[in-house]
Amino acid sequence: MKKGLFITFEGSEGSGKSTQIALIETELKKKGLDVLLIREPGGVKISELIRKVLLDVKNTEMNNECEVLLYMAARAQLVGEVIRPALACGKVVLCDRFLDSTIVYQGYGHGMDLKTIQDIGAFSTQKVRPDMTLLFDIETEEGLRRAGQNKDRIEQRSLDYHKRVRSGYLQLAKEDPGRFRVIRVDRGKEEIFQEVKAHIEHCLSQQ
Ligand code: TMP
């Protein structure tokens, strides 16, 4: 099977990853690459519907188990409908969040069992794993400030919750330095972009 490249963008609230993923999409398309940009939760009709349920501030009664399974359900649909076929035909898939988000937001954030989440994750993703993950790291208070006032159900959580998310990400990066690249975001947009570009070009050159 011809294989594309799967690159995920991760980070806590207000880290600027969505801006950078859009910039790099444009850059790679200019170079003539076949690029697919998607986001999680979402990316296809069913997963976008699940996203609405997950982020709706009115859904205060949602329990942690339900929350994990809904993120995984959205992911399972996206992997089967779009990510696997795109990789099979050699595309560069850029995904704004993936399984690492569930490990840190639900696992580290809620203190749920990480092994259980990883097992459900392996099932939901059909074991599709990113070739490289760019982690945009920002100091928690600053990230929440940048995220603004209009907060969704997850963003509304406490400062301590978001601090656990950030340290969860840094822990994952420490455990898997082969896959993760940690990008500091306390710099100008252009400087960050140059670093993102260098990492992606290196990854493309290794194919
Ligand atoms: P976004 O703001 O990056 O679009 O992501 C939506 C929110 O969902 C964000 O607050 C992070 C959260 N999230 C999780 O809690 N678990 C997950 O698995 C994913 C993909 C996102």
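## The central sheet

Over five bridges, strand β1 (residues 5-11) pairs with strand β3 (residues 92-96) in the parallel sense; two strands count as paired if DSSP finds at least two bridges between them. Thr8 has Cys95 of β3 as its bridge partner. Helices (H or I, at least four residues) and strands (E, at least two) are DSSP runs, numbered from the N terminus.

This is a predicted model, in which local features need pLDDT of at least 70 and side-chain atom pairs count only at pLDDT 80 or more, while totals for chains, interfaces and linings use all residues. Residues are numbered from 1 along each chain as its sequence is written, and side-chain values use heavy atoms, with hydrogens and water left out.

The whole sheet is open and has five strands in the order β2-β3-β1-β4-β5, with parallel pairing. At its edges are β2 (35-39) and β5 (180-184), each pairing on one side only.

## Two nonpolar cores

A nonpolar core here is a set of buried Ala, Val, Leu, Ile, Met, Phe, Trp, Tyr and Cys residues joined through side-chain atoms within 4.5 Å; buried means under 20% relative accessible area, exposed over 50%, and partly exposed in between (1.4 Å probe, protein chains only). The largest such core has 35 residues, and those with the most contacts inside it are Phe6, Ile38, Leu78, Ile83, Phe98 and Tyr105. Two or more residues each come from α2 (45-55), α3 (64-88), β3, α4 (99-110) and α7. Helix α3 gives the most, with 10 residues.

Apart from this core lies another, of 20 residues, including Phe9, Leu134, Ile138 and Phe193.

## Aromatic pairs

Now for the rings: the whole structure holds four aromatic pairs. Rings of Phe, Tyr and Trp (its six-membered ring) pair if their centres lie within 6.5 Å, and planes under 30 degrees apart count as stacked, over 60 as edge-to-face and the rest as tilted. Phe6 and Phe98 are edge-to-face, at 5.0 Å centre to centre with 85° between the planes. Phe6 sits in strand β1 and Phe98 in the loop between β3 and α4, 92 residues apart. Both Phe6 and Phe98 are buried.

Phe9 and Phe136 are a stacked pair, because their ring centres are 5.8 Å apart and their planes are at 15°. Phe9 belongs to strand β1 and Phe136 to strand β4, so this pair ties together parts 127 residues apart in sequence. The relative accessible area is 0% for Phe9 and 1% for Phe136.
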